[in-house]
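I wanted a quick pass through this one before doing anything else with it. My notes follow, in the order I looked things up.

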Amino acid sequence: MNFRPSGAWDRLAAVLLVLAFALAGWKILQRAPASPFAVQSGSASTEALKLQPRVSLPSQQLSPDGRFRFDAQFVSSSPGQAVHAASLVELSDGRLRAVWFSGSREGARDVTIQTSVMDPVSLRWGAESTLFDRQQLQQGLWRYIKKLGNPVIARAPDGSLCIWMVNVSLGGWAGSSITWARSVDEGATWSAPHRLVTSPFLNISTLVKGAPVSFQDGQIGLPVYHEFITKFGEMVRINAQGQVVDKIRIPGSQTSLQPVVLVTGSETADVYMRSGTATALMASQTTDAGKTWSSTRASTWPNPDSALAGVVTQAGARWLALNPAPRNREVLALLQSGPGASFDSVTPWIVESSATPQARTSVQDYERLLTQELKARGASEDQARAYVASARRQLCGEQSCSQEFSYPYLLQSRDGYLHLVYTWHRTRIKHVRLDPLQPFQAAPAVTSRVATP
Amino acid sequence: MALLCIDLVLCAGLLRVLSWRHGVTPWAKWATAIFFVLMWCPVGTAHLPLVAYVRGISSDLSISLAIIACMGMLQRLSGVRLVSDRERNSMNLAFTAGALLLYPFALGWGNWDSYRLGWGSDGMWGALFMLSLVCWGRGLRLLPMLIAIGLLAWAAGILESTNLWDYLIDPWLAGGAIFQCFKMAGKQLLARFTVARSGAVRSLP
């Protein structure tokens, strides 16, 4: 073998070159053009919502400002664990499946992806079980994995369930890659994990948090973000086989992360992002089904460098769940706007709030508050102590603690209810179910308490 | 396939280190062969082969790097020089240019993402075609062959990635090419300096 241009080797090289370019060119020509967003129809869903009986359950309560009612219960059930980043999907029989990560602390090697299923009639969450652990991923991916996090579960256009999660082999979260798996039996069993290759630099620093969107050709648009050296938001297009076919960067999104996409039409969508510099909720739009995005701009809502979630209901209303306070995660609220309207001047639906969101809570008060709610929702003395210890470990200093209601995820079920899951003091995952069509009281009434049956 | 590529590149590196001073001794050959096999031994609670732990850090390597590593090993084992300095220098220049085009933009410098071209763009296909033609016309064969094999591997989808860039270049190859370019430039500067200095000495009265 010699690379001098002469003889039989030369002719063979020429043939190889022509063949390679011909095959690669053919593959490029086979590439399907980008398709419009798949949009759910509105009228049928409004009907469905009206048909469902509105059952008042013991867990129903008033919001902290007394303006609306919702049901709330805890999802996770492992005392003493650090839990975070829940997401939610509706199963074919109407039950909900939640996934989140849980371990001794965020980023620890014992972190696993946990799951639990909720019965829609009793609103009771079943016992949690482990969906993926580090060892499973290592064996499936044939590579060393140090830690995992941020699971996002969703239904693919072909009807199967997909889960995407972040995992790291080296360094911190900025060294993350995305792994995915598929289930064809509503999450009872899962395929071997696969890696999404989204970056040329050791395939690091692509993370996922937001819910995916669907395209009419069966592809999935997964909102992701990059954290290494600089931050920015992107949308990865994934084909039916789970492979990446394109990736579109959101212009001007440097310092923004965790995009959340709200599809408003077959060609139109808004994206909202967490501000990495804790300035404001960042926003961008597309009018060509995500082929291009407008330059990122700051909205009027502050963002304390915290994750958000969003959903467009079957009736076309847009909802966001976020922390609306500028400096901490002590208030969790929902924002609602009609089709085509802005979120800028809407009144927030406060789901959970610290009594003193501007000031930290003393350790004693913090322990008392948490213990009170945990016990009211059925935790034993020992369980409450373990939950509180986990929260203290993560959110308290020597003297005081910051309350945290963060990392929301929104979903509308087929019966029309809106479901919100979020991290409650980093020690439990909480689920809130509310009727999005209920009247929103103009003036505050009473403070939040778990309703007596 | 990805694990095999990593193992081959590691073996090529080991053989290079072992033959640094005394050439390729039988001991160096055996040590490399044993190392190749050892990398497949399962270790740890996950019973992963050693090479899978390396993969966690190195990520998948490009087809180009695997071929260059194999050629390097073959060259050492056979003692036959396979690649001329001209071929090697042009290859290093091309990979350096590719790295400068790819990594800064892909890692967030500005709003344009060069990595996106790798998911099947006419522009990238055309640029590679032109580069191959120019190299071929200048009598260079190594770079067009690396591009051809990279394209074939991409068309067949033999790696985890669906992006053509990942078949052609990786950060380890890019780092090596940039280092070789600096070394080449340093040598040329030193040669010029030496010539200029000797000329100045001769012209002294």
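Predicted model: local features only at pLDDT ≥ 70, side-chain atom pairs only at ≥ 80, totals over all residues.

**Entry 1: an open sheet in chain A**

I started with a sheet of 4 strands in chain A, which is open, has the order β3-β4-β5-β6 and pairs antiparallel. I then asked which strands stand at the edges. They are β3 (82–90) and β6 (129–132) of chain A; each has a single partner strand, so one side of each is left without a neighbour in the sheet.

Next I looked at how β3(A) is held to its partner. β4 of chain A, residues 96–103, runs antiparallel to β3(A), and 7 bridges join the two. For one pair by name, I picked A:Ala82, whose bridge partner in β4(A) is A:Gly103.

**Entry 2: a second open sheet in chain A**

Further along I found another open sheet of 4 strands, ordered β16-β17-β18-β19 (chain A), with antiparallel pairing. Its edges are β16 (256–263) and β19 (297–302) of chain A, and each of these has a single partner strand, so one side of each has no neighbour in the sheet.

The pairing of β16(A) with β17 (residues 269–275) of chain A is antiparallel and covers 6 bridges. I wrote down two of the partners: A:Val261 goes with A:Val271 in β17(A), and A:Leu262 goes with A:Asp270 in β17(A).

How many residues of β16(A) are buried? The count is 8 of its 8, so I have the strand down as mostly covered. I kept in mind that side chains in a regular strand alternate between the two faces of the sheet.

**Entry 3: chain A as a whole**

I stepped back for the totals. Chain A has 5 helices and 28 strands. Its C-alpha trace spans about 90 × 50 × 40 Å along the principal axes. I compared the radius of gyration with the globule rule: for 453 residues a compact globule would come near 22 Å, and chain A has 23 Å, which agrees. Buried residues make up 47% of the 453 residues. Of the contacts in chain A between residues at least 6 apart in sequence, 52% join residues at least 24 apart.

**Entry 4: chain B and its helix α5**

Chain B has 9 helices and 2 strands. I read its elements from the N terminus on as α-α-β-β-α-α-α-α-α-α-α. The C-alpha trace of chain B spans about 75 × 50 × 30 Å along its principal axes, and buried residues make up 38% of its 205 residues. For contacts in chain B between residues at least 6 apart in sequence, 68% join residues at least 24 apart.

B:Gly108 follows α5(B) and has a positive phi, near 110 degrees.

**Entry 5: where the chains touch**

The contact takes 45 residues from chain B and 45 residues from chain A. On the chain B side, α3 (50–58), α5 (85–106), α6 (122–137), α7 (142–156) and α8 (164–168) each supply at least two residues. Which helix of chain B gives the most? That is α7(B), with 8 residues. By type, the chain B side divides into 26 nonpolar, 11 polar and 8 charged residues.

**Entry 6: B:Ser161**

My last stop was B:Ser161, in the loop between α7 and α8 of chain B. Is B:Ser161 buried or exposed? I put it down as buried, because it has 26 C-beta neighbours inside 10 Å. Leaving aside neighbours within four places in sequence, B:Ser161 is in contact with A:Val197, B:Asp60 and B:Asp166. B:Asp60 is 101 residues from B:Ser161 in sequence, but the two are 8.7 Å apart in space, C-alpha to C-alpha.

Note on methods: Residues numbered from 1 in each chain as written. Chains lettered and ligands numbered in written order. Rg over C-alpha atoms; globule rule 2.2 N^0.38 Å. Buried ≥ 20, exposed ≤ 12 C-beta atoms within 10 Å, placed from the backbone. Contact = placed C-beta atoms within 7 Å. Nonpolar A, V, L, I, M, F, W, Y, C, P; charged D, E, K, R; others polar. Pairing = 2+ DSSP bridges.
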